[in-house]
Amino acid sequence: MGRLNSAADLENLRQEILAKRDPNKPCVTICSGTGCHAYGSEKVAEAFVANIQSNGLQEKVDIRRTGCHGFCEKGTLVVIFPEEICYLRVRSDDVPEIVSTTLVEKKVVDRLLYEDDDGQKIAHESEIPFYKHQSRVIFGNNRLIDPTNIEDYITLGGYAALAKALLEMTPEEVMEEVKESNLRGRGGGGFPAGRKWETTRDAPGERKYVIVNADEGDPGAYMDRSLLEGNPHSVLEGLIIGAYAIGSHEGFIYVRQEYPLAVGNLNIALEQARELGLLGSDILGSGFNFDVKIHRGAGAFVSGESSALMTAIEGRVGEPRPKYIRTAVSGIWDRPSNLNNVETWANVPLIINNGAEWFTNIGTEGSKGTKIFSLVGKVKNTGLVEVPMGMTLREVIYDIGGGIPDGKKFKAVQTGGPSGGVIPDKFLNLPVDFDELTKVGSMMGSGGMIVMDEDTCMVDVARYFINFLAGESCGKCLPCREGIYQMLKVLNRICEGESSEEDFKLLDEIPEVLGDSALCALGQTACNPVLSTLRYFRDEYEAHIMKKQCPAGVCKALINYWIEPEKCQACMICLRNCPVGAIDGGKNLIHIIDQEKCTKCGTCLEVCPARFGAITVLSGVEVPEFVAQGTEVVRG
Amino acid sequence: MKPILIVEDEAIMRESLQDWLTDGGYQVESATQGDEALKAIEEQDYGLLILDLRLPGADGLEVLRKARAKQPQLNGIIITAYPSVQTAVEAMKEGVIDYLPKPFDLNDLEKLVSQTLGPVQVEIRPETVTCVIDDREVEVRQGATILEAAQSIGIDIPTLCHHEKLSPYGACRLCIVEIIRGQRSRLVTSCVYIVEDGLIVKTESEQVVKIRKMLLELMWARAPGVQPLVNYGMRYGISGLESKGNYELSGASETKFEVEPNFCILCGLCVRYCAEVKGKNAIGFIGRGTEREVMFFPEIASKECADCKECFAICPTGALPPHYALIEEGAST
Ligand SMILES: Cc1cc2nc3c(=O)[nH]c(=O)nc-3n(C[C@H](O)[C@H](O)[C@H](O)COP(=O)(O)O)c2cc1C
Ligand code: SF4
Ligand code: FES
Ligand code: FES
């Protein structure tokens with residue numbers, strides 16, 4: 001492949017590649033994203049290579065390793081084109097059968113298909129409920145692309161938006177299009193991207209930078225990683241277009257250290273793009289020069305904050321800076337620097353290709369386009385899902401996520417990452433967009449969505465996030481460092497039954513002071529988990545503080561496990577499994593838990609056969625004492 | 001004054017030169033390669049080129065020669081890690097101002113720069129801005145912080161991490177004030193916030209005082225009884241903070257937060273003093289969150305600190321001697 005010097009060159013290359021490819025030729029795509037990789041996707045891929053060869057099919061079948069498809073929980077995922085037959089949980093032992101049945105006999109392997117709640121098997125990927133209700137405009141190409149092969153991206157129309165922008169549009173026109181699309185930042189704040197670009201373009205100074213934020217510090221989120229790993233060119237193309245609009249010739253991609261596969265695939269992508277003249281000097285013969293460096297970040301949560309990230313790129317310790325001048329005007333080395341999130345950049349080529357109007361047709365009044373969420377927690381189908389802005393929480397959780405497993409009740413969903421908030425069931429019909437989430441006291445954040453069922457203690461949830469943030473505060477400014485720490489101490493007291501009503505005052509005061517005085521947004525928003533759980537679940541706080549009771553039966557210090565004498569069948573299972581030997585009893589004798597010895601590990605509850613259900617979690621009440629040791633069971 | 005262009009492929013050298021000279025008040029741009037430099041010269045006039053001799057693609061002298069085709073009076077300084085008589089002579093013939101073998105003292109370079117371009121004219125901005133602080137009108141130079149403006153009329157805003165000789169840090173947040181623009185008010189740290197014309201500032205509004213009180217109490221939990229906290233405690237009437245004796249007598253705190261002292265409030269004065277005034281970086285921070293602490297770096301501290309210890313005096317809590325003792329112990333074992 002030679003350098004491309006015009007839009008025609010790019011189109012010719014695309015046609016050449018297409019001519020080489022037969023759309024009806026079977027292609028086995030094996031998800032090699034991080035999730036599936038952990039399930040052994042490489043072994044599966046190798047097995048396909050070997051089996052296809054031993055069946056003499058190597059000329060007749062293509063094999064493609066792709067990035068994440070989103071349904072990681074069911075990995076390794078294999079999709080066979082052109083029929084789009086989707087196999088779940090594929091292991092290398094399954095491969096010979098897939099090859100002989102599907103590739104040779106053209107039949108499906110039933111046992112590897114998705115099975116819905118009624119036991120119906122579903123063969124086609126697009127009919128699986130998890131996928132059916134999504135709109136995968138950004139993420140969908142992941143499954144069609146080998147991220148290490150730029151040809152795959154180009155066949156799908158990749159870099160056509162770049163050609164259009166550079167060769168047919170002025171920077172001002174590109175800027176206008178993005179502004180009109182009302183694309184808002186996907187990394188947290190939802191700030192309009194076009195307006196930020198404009199600020200950087202208009203800021204004084206010749207040298208300007210554009211930056212991709214791929215720090216992804218939110219522990220539950222991995223969409224940025226999956227995009228970078230699975231479709232790095234889409235992010236790169238967006239970045240180059242942005243640079244053109246802004247008038248920047250240098251870019252940085254800030255990737256956390258812990259994402260080696262993303263860095264690897266990015267490096268390959270950059271190299272291939274340079275080779276084709278899509279990056280570097282005189283891109284596509286347009287006269288526009290632009291190049292990118294990858295910066296590997298230390299991977300702390302706060303490093304994703306804009307001023308901290310830019311300080312790190314300068315080669316100094318990545319701590320937030322106390323400035324009242326925006327990084328868009330004065331960022332890296334005090335030069336205008338435009339920072340956007342991975343997913344934000346990936347939206348740009350689509351907007352240029354299809355026009356702002358197409359984009360604004362998706363979504364709600366204030367939030368356009370789609371958003372990728374990381375759907376996890378107590379929900380049947382977990383993974384990465386992309387939906388149009390404005391889809392209701394109920395649709396995401398029930399239609400895509402398949403609802404709450406084990407017949408439990410939905411309690412709340414936490415959105416927005418560590419400093420987001422919880423949303424209770426009365427808001428299940430809330431359309432998910434930037435503004436609606438903020439209205440109910442949570443936020444979009446980077447798109448984390450953790451579903452919680454009735455067995456979740458909301459004080460414990462707040463404590464979990466505050467504990468995370470206490471460890472992630474950089475420690476520079478006092479209110480964040482000491483305030484979060486004190487907040488954690490309050491929550492620990494509450495969960496351990498050692499708090500008093502005085503603590504209610506601190507629950508109000510600390511967040512107020514932190515919100516007003518912390519240096520960066522980490523500290524300013526750190527108390528959100530407390531504020532939002534207090535807002536909707538104040539009764540749980542009251543139960544913990546006043547009645548020393550944990551209604552969900554989670555906080556160890558406030559619960560007791562107790563064997564209901566009428567239900568105990570003296571089966572000895574709990575007795576044998578208790579790791580500290582806290583259960584008394586014997587054959588035909590009702591079992592009793594010695595509360596002094598019990599460490600509240602919950603093993604007995606887990607092992608007690610469901611048909612007996614003899615173990616009860618008590619909280620806020622005395623443990624009944626009316627069975628004497630050595631009482632025989634009554635079998636009804 | 002025309003800007004300086006640094007042409008150097010080695011990133012660390014380039015950025016440090018650029019930072020140094022920018023701090024010196026010069027306008028500085030940089031390029032990594034010869035052709036990039038020539039392009040920049042094409043677009044604008046420079047007062048001085050600082051050129052690395054060995055550059056990818058071209059050498060520094062060649063760049064200078066080509067640049068002079070456009071701008072004949074252009075001055076050049078050559079820097080090189082590979083000095084040789086031959087290149088030195090060649091450079092002198094080309095009429096460069098100097099030929100500096102690396103490593104060189106940045107102060108020497110700055111002297112050369114100032115001889116060539118003339119001293120930096122401290123930009124006298126005649127413009128001033130006017131703001132209203134606590135109902136009093138103040139006129140200050142443009143670029144002044146709220147804190148400076150307040151100090152100029154004798155209003156005392158509490159600070160703990162600010163020092164006029166050191167770069168602003170914004171970490172203790174004690175200097176927080178309320179600013180009002182139109183209908184909206186906002187809280188900002190006055191040691192960092194630059195005054196704009198027409199700004200209205202309240203340095204002791206109800207909310208400001210409430211925040212300061214809690215910040216002081218949070219600090220007290222780490223550094224109970226230290227003098228500046230006692231002083232502020234008295235000023236704001238925070239029970240439990242008015243007297244050092246109280247804490248020392250009872251060993252307990254009557255404040256909101258349990259006392260877990262380490263006597264460092266992480267104001268960063270010592271760290272900035274050592275880096276910015278002494279240029280030694282013998283002390284720095286390690287750790288995150290409440291694990292963060294100051295630490296003398298043994299390799300540097302064992303050489304530099306014995307005769308200096310100036311940071312001890314700048315520390316508001318007197319926390320440094322025990323930290324430094326670790327270095328002395330290390331040296332004696
Ligand atoms: C503590 C903290 C952590 C952040 N982490 C990230 C991150 O991991 N990724 C990201 O894109 N933005 C992160 N942000 C938001 C960035 O500061 C910035 O707003 C964003 O990258 C801008 O891009 P966008 O407008 O495209 O969203 C973080 C902000 C804070 C305060
Ligand atoms: S708010 Fe927290 S993370 Fe941000 S600067 Fe302050 S200490 Fe660091
Ligand atoms: S990694 Fe395979 S589906 Fe996500
Ligand atoms: S004095 Fe301003 S933040 Fe410390």
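A:Thr76 sits in the loop that runs between β2 (62–66) and β3 (78–81) of chain A; helices (H or I, at least four residues) and strands (E, at least two) are DSSP runs, numbered from the N terminus. This is a predicted model, in which local features need pLDDT of at least 70 and side-chain atom pairs count only at pLDDT 80 or more, while totals for chains, interfaces and linings use all residues; side-chain values use heavy atoms, with hydrogens and water left out. Residues are numbered from 1 along each chain as its sequence is written, with chains lettered from A and ligands numbered from 1 in the order in which they are written.

A:Ser41 itself belongs to helix α3 (residues 41–54) of chain A. With a relative accessible area of 0%, A:Ser41 is buried (buried is under 20% relative accessible area, exposed over 50%, partly exposed in between, using a 1.4 Å probe and protein chains only).

The loop between β3 and β4 (85–87) of chain A holds A:Pro82, and the peptide bond leading from A:Phe81 to A:Pro82 is cis, with omega near 5°. A:Glu84 is in the loop between β3 and β4 of chain A too, and its phi is positive, near 60°, in a residue other than glycine. A:Glu84 is partly exposed at 24% relative accessible area. For context, most residues other than glycine have a negative phi, and most peptide bonds are trans.

Chain B has a positive phi of this kind at B:Asn281, near 50°. B:Asn281 lies in the loop between α10 (269–277) and β11 (283–286) of chain B and is partly exposed, at 41% relative accessibility. B:Ile314, in helix α12 (residues 310–314) of chain B, is buried, with a relative accessible area of 15%. Leaving out residues up to four places away in sequence, B:Ile314 touches B:His163, B:Leu166, B:Leu269, B:Cys270 and B:Tyr273.

Now for the helix packing. Helix α18 (residues 478–495) and helix α19 (residues 502–517), both of chain A, pack at about 160° with their axes 10 Å apart; axes are lines fitted to C-alpha atoms, for helices over the stretch in contact, and angles run from 0 to 180 degrees between N-to-C directions. That makes α18(A) roughly antiparallel to α19(A) (under 35 degrees is roughly parallel, over 145 roughly antiparallel, 65 to 115 roughly perpendicular and the rest oblique). The contact of α18(A) with α19(A) has 12 nonpolar, 3 polar and 2 charged residues; Ala, Val, Leu, Ile, Met, Phe, Trp, Tyr, Cys and Pro count as nonpolar, Asp, Glu, Lys and Arg as charged, and the others, Gly among them, as polar.

α19(A) also meets chain B: its axis and that of helix α7 (residues 206–220) of chain B come within 10 Å and cross at roughly 105°. The two, α19(A) and α7(B), are therefore roughly perpendicular. Among the residues meeting here are A:Glu509 and A:Asp516 in α19(A), and B:Lys210 and B:Met214 in α7(B).

Technical notes:
Contact means heavy atoms within 4.5 Å.
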